[in-house]
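Here's a friendly walk through one protein structure. Have a look at it first, and then we'll go through it piece by piece.

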Amino acid sequence: MSDVDTKKTIDGVEYDFQLLKLRDATKIEMRVVGLITALQSGGQVDEDALYEIGSKLCAGMTADDAEVASIDAYFAGKTLLFNRVVVAALEINFPDFFSALGIDVSDSFATLAKQIA
C-alpha cells in the first residue's frame with residue numbers, strides 16, 4: 001500500500017488518480033522529458049504525445065467519486081482542464097523526479113498547449 005496522496009482538487013472537483021505501475025511510469029517519465037526537451041530546444045513536438053500521456057495518467061481516474069470512463073467525452077471542449085488534470089497526475093505519480101531535474105511541469109505543459117493550439 002502506498003502512502004502517496006492520489007487526490008487533487010481542481011476547480012472544486014476532486015480527482016483521484018491511480019498510481020502508475022513502474023514500467024508505465026518509466027515510459028511516461030521519458031516521454032515527458034522528451035517533450036520538455038523539445039520545447040526548450042525549439043525542436044519538433046509530437047502532438048499525439050500529450051494525449052497519450054494523459055490517457056495513461058487518467059486511466060482509472062475518478063472525478064468527485066464518479067469514474068471517468070472516457071477522457072474524450074469528459075474533457076470535450078475542456079482542453080485547458082485536461083492539461084491541468086494531466087499536470088496534477090504527473091505531480092502525484094512523479095513527486096520528486098521533475099523537481100530534482102529543475103523542471104516546472106506546469107509551465108512546460110502550458111507552453112506545449114499553446115504550441116499545439
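## The pocket

The lining of the largest pocket is made of five nonpolar residues, one polar and one charged (Ala, Val, Leu, Ile, Met, Phe, Trp, Tyr, Cys and Pro count as nonpolar, Asp, Glu, Lys and Arg as charged, and the others, Gly among them, as polar). They are Tyr51, Ile71, Asp72, Phe75, Ala76, Thr79 and Phe82. A pocket here is an open set of points on a 1 Å grid over the protein atoms alone, where a 1.4 Å probe fits, with protein on both sides within 12 Å along at least five of seven lines; lining residues have an atom within 4 Å of a point.

The volume of this pocket is about 150 Å³, counted as the space filled by probe spheres set on the points. Helix H3 (71-74) and helix H4 (79-93) each give at least two residues to the lining; helices are DSSP runs (H or I) of at least four residues, and strands (E) of at least two.

## Where the model comes from

This is a predicted model, with local features needing pLDDT of at least 70 and side-chain atom pairs pLDDT 80 or more, while totals for chains, interfaces and linings use all residues. Residues are numbered from 1 along each chain, and side-chain values use heavy atoms, leaving out hydrogens and water.

## The sheet

Four strands make an open antiparallel sheet, in the order E1-E2-E3-E4; two strands pair if DSSP finds at least two bridges between them. Strand E1 (7-10) and strand E4 (66-67) sit at the edges with a single partner strand each, so one side of each has no neighbour in the sheet.

E1 and strand E2 (residues 13-16) are joined by four bridges, and Ile10 has Val13 as its bridge partner. The two strands form a hairpin with two residues between them, and Asp11 in the turn has a positive phi of about 50°. On to the next strand: two bridges join E2 to strand E3 (residues 62-63), with Tyr15 partnered by Ala63.

## A link across the chain

Which residue does Lys8 meet in a salt bridge? Glu91, at 3.3 Å, N to O (a salt bridge is a side-chain nitrogen of Lys or Arg within 4 Å of a carboxyl oxygen of Asp or Glu). Lys8 is in strand E1 and Glu91 in helix H4, 83 residues apart.
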